[in-house]
Amino acid sequence: MNRVQRGKLAMAAAAIGVGLLSVTGCGFVNAQQTSHQYAASDGIVEDLGPIQLRNLLIVSTGEDEPGRVVGAIFNNSSSDVTVTFKGASGSQTQVPVKANSSTLLNNTTDPATLSSAGAQPGSLAPVTVSASGTSRELKVPVVDGSLPEYREYLPAGATPTGTASPTGTASPTGTASPGAGH
């Protein structure tokens, strides 16, 4: 092997080495985002021992109006539990969850409704959650029915405020004025 060939071989080896370092160096310099747990929704994530609350939020039209608790509850224990939500002004609702299963707080279950949301939509309501002898006060987001994905969860009789259709503008009563904005 002559001097030119050795030089080319050394340069190729160096290029491969730099390429390998640049590919594998990402995990060394940057934190792994897949190991970071976070609430990927508008709701919050909280664990109470073997009870896991996921994407928990309250849907309501106002602070002193009824608020429906929406989200998922996972029971990783071998016993049935009752999860209690205590909100503002003594409002309370309970949700039974069977052992080693989950309950989705959506339209397939009985509504878990607090008589008072405890905060205006767009803010956080203090809610004490209790299960299996563990209790914790949480700050739960309150949303209204202005977004279509939450409208169906408004407590019975509630009307979303400030909603608009694509061809109209919002009126004070929460209904869109036909043809407004043309």
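Two strands are said to pair if DSSP finds at least two bridges between them. The strands themselves, like helices, are DSSP runs numbered from the N terminus, with at least two residues (E) for a strand and at least four (H or I) for a helix.

Good morning. The structure shown is a predicted model, in which local features need pLDDT of at least 70, side-chain atom pairs count only at pLDDT 80 or more, and totals for chains, interfaces and linings use all residues. Residues are numbered from 1 along each chain as its sequence is written, and side-chain values use heavy atoms, with hydrogens and water left out.

I shall begin with strand S2.

Which strands pair with S2? Strand S1, residues 44-48, runs antiparallel to S2 and is joined to it by 4 bridges; here Asp-47 has Gln-52 as its bridge partner. The hairpin of S1 and S2 has 2 residues between the strands, and Gly-49 takes a positive phi near 65°. Strand S3, residues 67-75, is also antiparallel to S2, over 8 bridges, with Ala-72 as the bridge partner of Arg-54. A hairpin of 6 residues connects S2 to S3. Strand S9, residues 134-143, pairs with S2 in the parallel sense over 2 bridges, and Val-143 in S9 stands opposite Val-59.

I turn next to the nonpolar cores. Such a core is a set of buried Ala, Val, Leu, Ile, Met, Phe, Trp, Tyr and Cys residues joined through side-chain atoms within 4.5 Å. The largest has 25 residues, of which Ile-58, Ile-73, Val-83 and Phe-85 touch the most other members. Among the elements giving two or more residues to this core are S1, S2, S3 and S9. A second, separate core of 7 residues includes Leu-57, Val-70, Tyr-150 and Leu-154.

Finally, consider Asn-75, which is found in strand S3. Is Asn-75 buried or exposed? Its relative accessible area is 0%, so Asn-75 is buried. Its contacts (heavy atoms within 4.5 Å), leaving aside neighbours within four places in sequence, include Pro-50, Ile-51, Asp-80 and Val-81. The side chain of Asn-75 also reaches the backbone oxygen of Lys-98 at 3.2 Å, and a polar atom of this side chain lies 3.4 Å from the backbone oxygen of Val-97.

Technical notes: Buried means under 20% relative accessible area, exposed over 50%, partly exposed in between (1.4 Å probe, protein chains only). A polar contact is a pair of N or O atoms within 3.5 Å; within protein, one must be able to donate a hydrogen and the other to accept it, and residues adjacent in sequence count only if both atoms are side-chain atoms.
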